[in-house]
Amino acid sequence: MKNIELLAPAGNLESLKAAVNSGANAVYLGGTMFNARAYATNFNDEELQEAIEYAHLRNVKIYVTVNTLFYDEEFKELMAYVDRLYLMNVDALIIQDLGLNAEVKKLYPDFEIHASTQTSIHQLSGVEAMAKQGVERVVLARENTIEEIRDIAQHTQIDIEVFVHGALCMCYSGQCLMSSLIGKRSGNRGKCAQPCRLPYKLKLEDKSLDYAPHYLLSAKDICVIENIGDYIDAGVTSFKIEGRMKRPEYVAAVVKSYRHAIDQWLKTHSVGDVQEDRAEMFQMFNRGFSLGHAYHESNLITDIFPGNFGVEIGEVTQYDRKEQLVYIKLNQPLAQGDGIRFGFEDSGRVVNKMYYRDRLVNQGKPQDEIAVEFNVKIKEGTNVFKTSSAQLIQKLQKEYSEKKVKSPITLQLSGKIGEPLALTLTSKKHQVTVQSTAIVEKAMNSALSLERIQQQLSKLGNTVYTAEKVIVNLPEGVQFAIKELNELRRNGIEALDKARLTHQRQSKVFKPKETAASERSIKEIHIHVQTLEQCNAAINSGAKIIYYPFVTSLKEAYSLCQQAEVTLIPYISRIIDDKHLKQIRESSLYPLFNKIMVGDIGALHYFLEKEVILDSSLNITNSYSLNHDLIKNRDVVLSVEMSEMQINQLCDCQQKIGYVAYGRLETMVTKYCPISQQHYGCQKKGCNRCKIGQYYLIDRKNEQFPIIMDEECRMHLYNAKIQYVDELSELQVDFIVLKMTIETQIEVQRVIEDYQHIIADKSQSYWHGNKDYTLGYFNNKEVK
């Protein structure tokens with residue numbers, strides 16, 4: 001069995017201490033630059049150095065997130081930051097960007113890298129690809145089932161990390177562009193605005209299916225504490241807790257609970273009774289708990305409220321408008337300082353004053369009718385929720401403040417008469433020896449006893465050590481001052497601390513790319529379609545290269561293109577498991593094609609024998625990624641989160657590169673169906689409701705986001721606005737891609753003809769002004 005690691009989040013130094021003292025084996029955190037929680041407090045360099053030393057002295061590892069995408073112009077500053085992290089003795093970097101991964105491995109071969117969940121690794125093939133690039137660990141997608149996790153972990157030598165507790169992103173991580181496309185706050189750049197936590201309506205064709213908006217994309221939090229043994233048996237190395245933006249007491253409660261469960265299971269193959277721990281975690285923060293995708297959970301969504309549910313504690317009985325008091329009949333305790341919320345529309349408040357039978361009290365018991373001050377009328381019968389417990393917070397603070405992680409050491413004192421005392425301290429991996437300034441003397445009166453010396457050396461107080469063994473090698477009948485012994489012990493501890501924090505890492509020099517950008521011009525228009533009707537329309541419009549999904553109708557599309565002498569390239573979904581990768585390779589259609597388009601690292605690795613074209617979902621944003629060993633010889637459609645200026649600055653790239661000039665860009669791909677949720681109140685795979693007509697999600701601004709469900713019942717949610725970029729005369733790419741989604745045949749033909757005109761005449765569109773469109777990131781003038 002591999003070593004089991006409990007991995008905790010930390011947004012500040014207090015949270016880190018809470019994690020360490022509650023039983024975490026490792027902590028992940030972000031610095032002030034380049035991490036996927038740009039709006040968290042994070043650690044500046046001085047705080048980070050303190051955090052590393054605090055953790056390392058307590059045998060806890062530190063992993064730093066550098067898990068966003070980067071542009072060429074950022075790499076000089078980025079690699080200078082990585083160099084500082086290396087010199088600080090960070091244990092590992094958590095990385096998304098393939099270019100950064102390659103540069104770190106090239107310059108710092110001993111720097112451990114963990115592939116972030118942002119890389120969207122969700123199958124064994126993807127893990128194998130990352131292993132070949134020197135990655136020591138992969139953080140799997142939250143969507144993986146326990147069966148898939150087991151199969152992956154048991155067929156790879158590198159570490160597998162999974163999320164076991166906390167917020168569940170609705171979209172596959174690294175594939176969500178919703179925040180980016182609607183508000184220019186990119187999740188891939190650490191600035192997600194969490195649009196999945198906003199209300200939406202579901203619409204079928206022209207008919208709304210909701211009277212009022214619901215939180216149709218707001219997932220419950222995952223909690224698998226009772227199933228942790230399954231993950232251990234599966235071969236998972238690291239159990240990850242989400243929550244870098246949560247308070248220290250939340251971190252303490254969750255880490256402590258999972259520490260208990262893991263330790264208990266390792267001893268008895270049972271987690272035991274976890275109800276008390278579960279209740280504490282529930283009280284600290286919850287959106288409702290589920291087992292997530294790992295256990296095929298059918299009730300993933302909490303559509304009535306996107307925030308902290310808290311714990312229901314009672315019901316409003318009346319509102320006194322004159323005194324501005326809300327009366328609550330309690331079924332759970334409530335204390336002064338607790339946070340409460342009325343119903344699911346209220347933002348909540350802290351209970352400052354509480355009355356029972358007109359007397360001011362500091363707590364209320366079940367069955368009491370208490371009153372709290374509130375200046376807005378609350379309807380009788382409204383449920384009341386406790387969103388924070390002052391007593392629990394104080395309890396957790398006390399626990400992690402008083403509990404000290406200690407490392408066992410051996411202390412050995414030796415000396416001869418007429419010579420200095422020598423004290424040797426030995427920990428698991430280090431040994432130091434210090435000498436006293438005093439000389440060992442023959443006792444004139446009473447000699448120091450062995451027990452007294454051992455007792456004094458064992459007094460390690462507030463240090464991070466406990467005396468496992470104390471050995472005294474001195475002649476009989478000696479004396480020296482106890483203060484000398486105390487000083488020797490203090491000097492020894494300082495020396496041992498220093499030895500444990502000393503490392504041999506040296507700074508490295510990074511040389512950014514300085515070659516001139518490639519001179520390119522648009523030579524081809526590639527048409528990306530979804531249906532046979534769109535394929536036929538593209539052929540009739542003179543398309544020369546068409547991408548078609550690898551689905552049942554591919555054979556018919558192939559025949560159409562053969563007759564028209566058009567190149568047909570099948571494309572693979574950006575989310576595809578090992579079973580379906582194998583089915584594609586074994587398909588009778590597979591040998592018909594020399595080229596294939598893929599959308600993820602696993603599919604790329606699986607189809608290396610083909611001429612592979614990489615879709616925009618691989619998030620290639622810089623020259624360093626384009627020159628990565630996996631990428632450098634393959635045509636690439638660049639990330640849609642790049643501006644014309646950033647594209648034109650790409651340098652030293654040998655392959656053909658493309659740009660998505662037109663399309664309703666995919667904002668999300670989810671292992672969740674809002675259509676079955678709407679009709680059945682849960683997930684019901686294969687219900688075929690999606691075939692009735694075209695569904696949309698409608699947001700607060702009445703924007704309509706088209707939904708397309710794939711053959712595996714995954715939702716592909718597309719932007720309400722069409723990306724329609726027509727100022728292409730100066731764009732330095734080899735080809736453009738026009739992506740069709742719900743376009744009719746007439747619309748397909750019109751778009752293709754428009755871009756044929758734009759490219760041939762180097763002019764602007766004569767059509768898109770009549771449509772609601774966006775330029776996306778194309779005109780962004782600077783990195784944001």
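1. The count of disulfides in this predicted model comes to zero. Cys192 is itself partly exposed, with a relative accessible area of 35%. Cys682 is likewise in no disulfide, since the nearest cysteine sulfur, which belongs to Cys687, is 9.5 Å away. For a reader new to the topic, a disulfide is a covalent bond between the sulfur atoms of two cysteines.

2. As background, nonpolar side chains tend to be buried together in soluble globular proteins. Leu16 may be followed in more detail: setting aside residues up to four places away in sequence, Leu16 touches Ala10, Val27, Leu29, Phe43, Ala51, Tyr54 and Ile62.

3. Helix 9 deserves a separate look. The helix covers residues 248-268, which makes 21 residues, and from its first C-alpha to its last it reaches 30 Å, close to the 30 Å expected at 1.5 Å a residue. Helix 9 is also mostly covered, with 15 of its 21 residues buried. Just after the helix, His269 takes a positive phi of about 60°.

4. Strand 29, at residues 524-528, is mostly covered as well, four of its five residues being buried. Strand 29 runs parallel to strand 41 (residues 735-739), to which five bridges join it, and within this pairing Ile527 stands opposite Leu738.

5. With strand 37 (residues 695-698), strand 8 pairs over four bridges in the antiparallel sense, and Lys203 stands opposite Tyr696. With strand 9 (residues 207-208), strand 8 pairs over two bridges, again in the antiparallel sense, and Lys203 stands opposite Ser208. Strand 8 and strand 9 form a hairpin with two residues between them, and Glu205 in the turn has a positive phi of about 55°.

6. A further sheet is open and built from eight strands in the order 17-16-22-13-14-21-18-19, with antiparallel pairing. Its edges are strand 17 (349-350) and strand 19 (359-361), each of which pairs on one side only. Inside that order, strand 14 (residues 325-330) and strand 21 (residues 369-373) run antiparallel and are joined by five bridges, with Tyr327 standing opposite Ala371 of strand 21. In general, strands of a sheet pair through backbone hydrogen bonds, either parallel or antiparallel.

7. The side chain of Asp221 is joined to that of Arg287 by a polar contact of 3.1 Å. Leaving aside its neighbours within four places in sequence, Asp221 is in contact with Gly166, Ala167, Phe285, Asn286, Arg287, Gly288, Phe289 and Ser290.

8. Two other residues are worth checking for their surroundings. Ser643, in the loop between strand 34 (636-637) and helix 19 (644-648), is buried, with a relative accessible area of 0%. Not counting residues up to four places away in sequence, Ser643 touches Tyr777, Phe778 and Asn780. Glu494, by contrast, lies in helix 13 (residues 482-501) and is exposed, with a relative accessible area of 55%. The C-alpha atoms of Glu494 and Ile146, which are 348 residues apart along the chain, are separated by 46 Å.

Definitions and conventions
Residues are numbered from 1 along each chain as its sequence is written. This is a predicted model: local features need pLDDT of at least 70, side-chain atom pairs count only at pLDDT 80 or more; totals for chains, interfaces and linings use all residues. Side-chain values use heavy atoms; hydrogens and water are left out. The expected span of a helix is 1.5 Å times one less than its number of residues. Buried means under 20% relative accessible area, exposed over 50%, partly exposed in between (1.4 Å probe, protein chains only). A disulfide is a pair of cysteine sulfur atoms within 2.5 Å. Contact means heavy atoms within 4.5 Å. A polar contact is a pair of N or O atoms within 3.5 Å; within protein, one must be able to donate a hydrogen and the other to accept it, and residues adjacent in sequence count only if both atoms are side-chain atoms. Two strands pair if DSSP finds at least two bridges between them.
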